[in-house]
Amino acid sequence: MESNNKRKMRPALKITIVFIIIAALLTFFSRTIYDMSIPTVHVTKLIEGNLDKKYSADGFIMPVRIENIYAPETLPVKEVLVEENMYYVNGSPVIKLDTSLLEEQLKDMKTEHERLLSQKRYISGKDAKRLYTMDVADSERHIKTMEARIEACKEIKTPFGGMVVELNARNGMMVDRSTPLMRITNASKGYMAVCNVAPDVANWMNINDTVKVRRGTQKTTMEGVIEYYKPQDDGTVQIKALVEDATIVNGEMASIEFHKTTYEYASLIPIAALEANDSSPGPWQTYDIFIVSKKEGPLGDENIVRKKSVTILDRDDEHAYISSTGISKNDWIVTRTDKTLVGGRVKIYQETE
């Protein structure tokens, strides 16, 4: 009898064991399939550090000051010694004027002076001699003045080094003191690299900040110092940086490179962690990030992701300084995912910096 009961129980036991095995397999495979369906994410945490802000803008180089050179007398031009767009050092001869008329006047003045001197033996009396002495002194002074005028007109020289940007004088033309012979850059006042940048870039620049200026396609750069910035009608900000280089050509193309390291921020995240939302763009644009936290589930601890809006307070090409309200230093922040995130359970692949 007992033997018969054992025989009856064996099929039931087998069915129970098979059922348990099938249930375990279904649970395992369903969990595996579920795990395969959820997003896998890379995460990081808030870090402390500095932002390394870099920006480059195309512009041009212009002189700080362009000045006019005038003829000292109304005379014909004898010879023009310079060309436009050429640089000349301080004291270079630029124009020769025809001084024939002045030299004729000087000749007459010297003849008159000799005549005056020849009358000395006929002067008598204290008052007459005093007046005669004064006339001779005046005559000598006029002669010296005329000689200086002739010397100044024979060769007009640059009072400073610079490049001729406009040449009005031509051989044979009559010039006077009212019309510039030429316009020349004053190299002693330096040159400015000029460019326009977006307002959010201008916000982290200050007067006396150092910049690098690259002329044309040259590999080397020269140092410049920001002296001026002013908002423009088109919404940009014009930046002017003083540079010093005697070989600069007026209007030369250049790129201006800005580089600034901020002070240390307490809550930096990678740019890759940011997801733009529907707010308006700008220096204070709001972004979304995804934060992963652990939660106890029926099958153990699970990683649950949630979305949070943050405001960018500052940024560079790699990191952003964000408002960290509601974010702890132990929270995991998603930097990369293999699927679109909307919330719910995720798998953490690895933690990154």
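Strands β5 (residues 75–80) and β7 (residues 93–97) run antiparallel and are joined by three bridges; strands here are DSSP runs of E with at least two residues, and helices are runs of H or I with at least four, both numbered from the N terminus. Val77 has Leu97 in β7 as its bridge partner. This is a predicted model, in which local features need pLDDT of at least 70 and side-chain atom pairs count only at pLDDT 80 or more, while totals for chains, interfaces and linings use all residues. Residues are numbered from 1 along each chain as its sequence is written, and side-chain values use heavy atoms, without hydrogens and water.

The open sheet has four strands in the order β8-β7-β5-β10, with antiparallel pairing (two strands pair if DSSP finds at least two bridges between them). β8 and β10 each have a single partner strand, so one side of each is left without a neighbour in the sheet.

The elements concerned are listed below.

| Element | Residues |
|---|---|
| β8 | 156–157 |
| β10 | 174–175 |
| α3 | 126–154 |

Asn186 lies in the loop between β11 (180–185) and β12 (191–197) and is buried, with a relative accessible area of 4%. Leaving aside neighbours within four places in sequence, Asn186 is in contact with Arg65, Glu67, Phe160 and Gly161.

Conventions. Contact = heavy atoms within 4.5 Å. Axes fitted to C-alpha atoms, helices over the stretch in contact; angles between N-to-C directions. Buried < 20%, exposed > 50% of the residue type's maximum accessible area, 1.4 Å probe, protein only.
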